[in-house]
Amino acid sequence: MTSSPIALSMPTVPRRRRTPEDVAQAAPVAGEKKVLLAAPRGYCAGVDRAVIAVEKALEHYGPPVYVRKQIVHNRHVVETLEERGAIFVDETDEVPEGALVVFSAHGVSPAVVNSAADRGLRTIDATCPLVTKVHREAVRFAKSDYEILLIGHEGHEEVEGTYGEAPEHTQIVNSPEEADTIQVKDPDRLIWLSQTTLSVDETMETVRRLRERFPNLQDPPSDDICYATSNRQAAIKKIAPQADLVIVVGSSNSSNSVRLVEVALEYGAKAAYRVDFANEVDESWFEGVTTVGVTSGASVPEVLVQDVLRLASEYGYGTVEEVVTAEEDILFSLPKELRATLKDAGDASRGLGGRGQRPRG
C-alpha cells in the first residue's frame, strides 16, 4: 500500500529590509531630502465619534460589544477594538438575541434596523451624521416621487445603506462611464446624491456627463461628499506636484484612502502608494527621491502616520514641512443612546467626537 504524497507549504521567509546605505548607493539623491506632510489628514469627526462610541460602550457595558461591519475602514482600529472585546459581524443575525450591537459609521438601511429590532437587540447607531444627511435626502426626494441617481460604489456599506432607504426610486451610478448609458423613467424628476467618500473630481465628471443627457437633473441641497474627504484631497493636490513619492496611510477597503492615491498621481506625483503600516513601505520607493509627500485617510489614527515619518527619517527624510490647506474644528455629539448612559453614569469625559482642530501625534 502506497500513501499519497503530502504537499507541504514553504515557510514564509521575512523580507530583508534594505538599509539606508543600500538605498543611497542604488540611487544617490542630490539636495535636501524632506517630507511634505498634509494637513488636514487622518481622523475626521465622524470616524472619531464612531470609534469613541465603541470604546465607551465597552467601558460602560463591558465586553462583548458587537459591531455590524467594520466600525470604520481601518485595520489597526478594528484590531485594537477586537483586543478590547469588540466582536465584528457581517449581519445582525450573527448577534445573540438581546445583545448590544453598534451600527458602523457607514450607516445601515431600514431593513437592518428592523432586523435588529426583530431580534430584540440593543442598538447604538454610530452612523456619521453626514451620511445620515444623505439618507434623509433620499427619503425626502423619494417621497416627492423623484428618481435618485446615487453616485457611488456598489457593494460599499455606505451605498447599501443609502440605497436601502428608497430602493424603488434609486439607481447606482458607479462611474462616469455608467453615466453615459444609464436609463431613467422621467428625466424631468431626477436628482443626484453621492457616497460621501468619493473623488471630488470624478464625482463632478459623472454629474457633468449625466447633465449632458438629462439637463433638468437637480443637485442635492448641499454637498454630499464630506468636508474631510474634500479637505484631504485638496491637501494632496497641493503636495503632489512637488513630490517624487507620495505615501498614503490607509486600508485597502477605505474608499477615501484609495482615492488619495489616485488623486496624488493625477495631480503630478511621480509615484504614490497606500500602506496600512510603516512596515509595508518598500525601501526601494526612496531610491532617487528628494521629496516625499505623506497623508492619511479619514479613518486613520495619527500614530500610524508618525510611524511612517519615523521610518522616512531613518532614510534621511528628517525635515518635515506641514502643508496646511484647511483647519478642521467640527465636532459631533455621540449617539443619543450612548449619551443617556454616559449621563446616568456621570461620565462627562467625552461627549463629542472630533479630536482637536488639527491632527495630533
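The lining of the second largest cavity comprises four nonpolar, seven polar and two charged residues in this predicted model. Its volume is about 60 Å³. In total, 13 residues line the second largest cavity. Nearest its centre lie I151, H153, N174, L198 and E202. Helix α8, spanning residues 200-213, gives the most to this lining, with three residues.

The search of the whole structure returned two cavities of 30 Å³ or more. The largest cavity holds about 250 Å³ of space. Its lining consists of 22 residues. Of these, V47, H106, T196, T197 and N256 lie nearest the centre. By class, 10 of the lining residues are nonpolar, 11 are polar and one is charged. Four helices each supply at least two residues of this lining: α2, α5 (129-143), α9 and α10 (255-266).

T229 is located in helix α9. This residue counts as buried because its relative accessibility is 3%, below the 20% cut-off. Beyond residues up to four places away in sequence, T229 touches T196, T197, L198 and N256. T196, T197 and N256 are among the residues nearest the centre of the largest cavity. L198 is among those nearest the centre of the second largest cavity.

In soluble globular proteins, nonpolar side chains tend to be buried together. The largest nonpolar core in the model has 35 residues. V54, I71, V72 and V102 have the most contacts inside it. Helix α2 gives the most, with nine residues. Helices α2 and α9 also each supply at least two residues to the lining of the largest cavity.

H106 is one of the residues nearest the centre of the largest cavity.

Key. Residues are numbered from 1 along each chain as its sequence is written. This is a predicted model: local features need pLDDT of at least 70, side-chain atom pairs count only at pLDDT 80 or more; totals for chains, interfaces and linings use all residues. Side-chain values use heavy atoms; hydrogens and water are left out. A nonpolar core is a set of buried Ala, Val, Leu, Ile, Met, Phe, Trp, Tyr and Cys residues joined through side-chain atoms within 4.5 Å. Buried means under 20% relative accessible area, exposed over 50%, partly exposed in between (1.4 Å probe, protein chains only). Contact means heavy atoms within 4.5 Å. On a 1 Å grid over the protein atoms alone, a cavity is a set of points where a 1.4 Å probe fits but cannot get out, and a pocket is an open set with protein on both sides within 12 Å along at least five of seven lines; lining residues have an atom within 4 Å of a point. Grid points are joined across faces, edges and corners, and a volume is the space filled by probe spheres set on the points. Ala, Val, Leu, Ile, Met, Phe, Trp, Tyr, Cys and Pro count as nonpolar, Asp, Glu, Lys and Arg as charged, and the others, Gly among them, as polar.
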